[in-house]
Every structure is written in C-alpha cells, then in structure tokens.
Amino acid sequence: MNSAILYTFRRCPYAMRARIGLHLSQLNPNVREIELKNKPQEMLTVSAKGTVPVLITAEQQVIAESIEIMQFALTQHPDPSSPWLTPGAYQTLLDEIPKPQTMAWVHANDNDFKPWLDKYKYADRFPEHSQIWYRQQAEVFLQVLEDKLAQQAYLCADSPTLADFATFPFIRQFANVEPTWFNTLPYPKVSQWLTTLVNSALFQAVMHKYALWLPEKNMMFLKQSQQQNVKVIPLCKN
C-alpha cells in the first residue's frame, strides 16, 4: 500500500477532499506537494491535464479526479478502526457512499456552486458582473445547505459522510474570500457545520504542511503522527 503516490497542493479544495478520503482509509501514499506554477514532469506524464490531486496506486492505476480518489480509498481500502470517526459513524460513511443523495450533493457543489465561487473569488477576471452579484449567485447553495442542516447535523446523516467531506472545503474557500462579511451571514447551521469540520482533528491532519517535493524529491508519507492534540484552526486560514 505504501508504494502509492499522491500529487497534491495543500490549499486546493479538490486536493483537500482527496486527502480526507485517504486519511480515512488504510492507504498511506507517498505525498508529493507541488507548486501549481512549477508542475513536475513526472505528474504531467501520467496526467496530462495537469491538475491536482493525482493518485497513482500501488498497481499503477492513475486516478486524477478527487471524488474518484475518495471512492477508491474508502471502498477498496476502508479502515473501520480509523481514529477520526467512531465505528458507527465510519459504517455510516461507507453505507452512504453509493447512495444517489451523496453524489447529488457533490454534483451540486461541483457544477452549481463552484463556478460561482470561482467568479466571486476572481471577480476581476469576470467583469461582466460585480463581485457582489457573483457572491449572491453562490449564496443560493448556502441557503440549500442551511435548509438541510436545519433538519440534521450533516448532509446525509447525523454524522459526516462523503457528501460533507467533499463539500466543506469549498464552503471554507468561499468563507475565506471575505471572512468578516461571511461571519455576518444568516446561515447559523452552515457556520456551525463548517466550523465543526474545519476544527476537527481529521482536518488538522489533512492540512499538515509538507515540504515541496521539488527539487529534492524526498520521500514523505501522507499520514504524519495521528496522536496530536486538537488545535482550533481559524475558519479563514489557508
């Protein structure tokens, strides 16, 4: 299992979700932290699209979509004794993976919310509308989340599932654009949900700072010490 390789970039929400899935599995790949402006040829050779994350499995299978990495890690290499979830919560995580509602949340995040998030974050690149206008379009998804989270603690169950783990890194990115404004929003359930996930021990491990793989090309494993004290991570911090 340890001969797998993960190309990642710490602040990318797609890479975050992949690392979450891997941390919740038995896999512990060699991690190659890259710079997006200096992509290693080794990564481009196996994945010409040049985006992170990219997982090369021990069997040399190349998986270059973050959701597929999560699904592969959790379904092919589950870890019921994971330190991050109770046994019951972990079983719920596994049970929810194949359900249509799980992928419905992922699809809504990736196809409806993310395009507006990008235009809001980089509004100067999209002068057709104002930043506030793009922000308002993105807020539609926040209201959908708020309505769902008013019914239960997480999107698909009373404990976090793939839907939550695949979605919250993007809501975190949204919150980072204008943190002071975000903290005034009338979405208390979304704020509570996001804060809980961001400040979890799991996310602390996921956001470990790795040295850049280039130029030394040192071997580093994804999973560092899991016996750490939980620290409160500011909601809006890269």
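How many Å² does the accessible surface of the chain come to, and what percentage of it belongs to carbon and sulfur atoms? The total is about 11,300 Å², and 52% of that surface belongs to carbon and sulfur atoms, where accessible areas come from the Shrake-Rupley method with a 1.4 Å probe and, for residues, only the protein chains shown count as cover. The model is a predicted one, in which local features need pLDDT of at least 70 and side-chain atom pairs count only at pLDDT 80 or more, while totals for chains, interfaces and linings use all residues. Residues are numbered from 1 along each chain as its sequence is written, and side-chain values use heavy atoms, with hydrogens and water left out.

**Overall form**

- The chain has 238 residues, for which a compact globule would have a radius of gyration near 18 Å, and the chain agrees with this at 18 Å; the radius is taken over C-alpha atoms, and the globule rule is 2.2 Å times the number of residues to the power 0.38.
- Along its principal axes, the C-alpha trace spans about 45 × 45 × 35 Å.
- Of the 238 residues, 51% count as buried, a term that means under 20% relative accessible area, with exposed meaning over 50% and partly exposed in between (1.4 Å probe, protein chains only).
- Among contacts with a separation of 6 or more, 73% are between residues 24 or more positions apart, a contact being heavy atoms within 4.5 Å.

**Helices, strands and the sheet**

- The chain has 10 helices and four strands, which are DSSP runs numbered from the N terminus (H or I and at least four residues for helices, E and at least two for strands).
- In sequence order, these elements follow the pattern β-α-β-α-β-β-α-α-α-α-α-α-α-α.
- The four strands form an open sheet of mixed pairing in the order β2-β1-β3-β4, where two strands pair if DSSP finds at least two bridges between them.
- Strands β2 (30–33) and β4 (62–63) stand at the edges with a single partner strand each, so one side of each is left without a neighbour in the sheet.
- Strand β1 (residues 5–8) runs parallel to β2 and is joined to it by four bridges, with I5 standing opposite N30 in β2.

- Helix α1 is mostly covered, with 10 of its 11 residues buried, including P13, M16, R17, I20 and L22.
- The cover over the buried residues of α1 includes β1, β3 (54–56), α3 (66–76), α5, α7 (162–177) and α10.

**Salt bridges**

- A search of the whole structure finds six salt bridges, each defined as a side-chain nitrogen of Lys or Arg within 4 Å of a carboxyl oxygen of Asp or Glu.
- One of them joins R17 and D110, whose closest N and O atoms are 2.9 Å apart; R17 lies in helix α1 (residues 13–23) and D110 in helix α5 (residues 100–121), so the pair ties together parts that are 93 residues apart in sequence.
- R17 counts as buried, at 1% relative accessibility.
- Another joins K217 and E42, with 2.4 Å between the closest N and O atoms; this pair links distant parts of the chain, with K217 in the segment after α10 (201–206) and E42 in helix α2 (residues 41–46), 175 residues apart.
- K217 is partly exposed, with a relative accessible area of 40%, and E42 is partly exposed as well, at 30%.
- The side chains of E96 and K99 also meet in a salt bridge, at 3.1 Å from N to O; E96 is buried at 7% relative accessibility, whereas K99 is partly exposed at 36%.

- The structure holds zero disulfides, a disulfide being a pair of cysteine sulfur atoms within 2.5 Å.
- C12 counts as buried at 13% relative accessibility, and C156 is buried with a relative accessible area of 9%.
- S159, found in the loop between α6 (131–149) and α7, is buried with a relative accessible area of 14%, and, not counting residues up to four places away in sequence, S159 touches A89, T92, Y154 and D164.
- S81 lies in the loop between α3 and α4 (87–96) and is exposed, with a relative accessible area of 61%.
- The C-alpha atoms of S81 and M70 are separated by 17 Å, the two residues being 11 residues apart along the chain.
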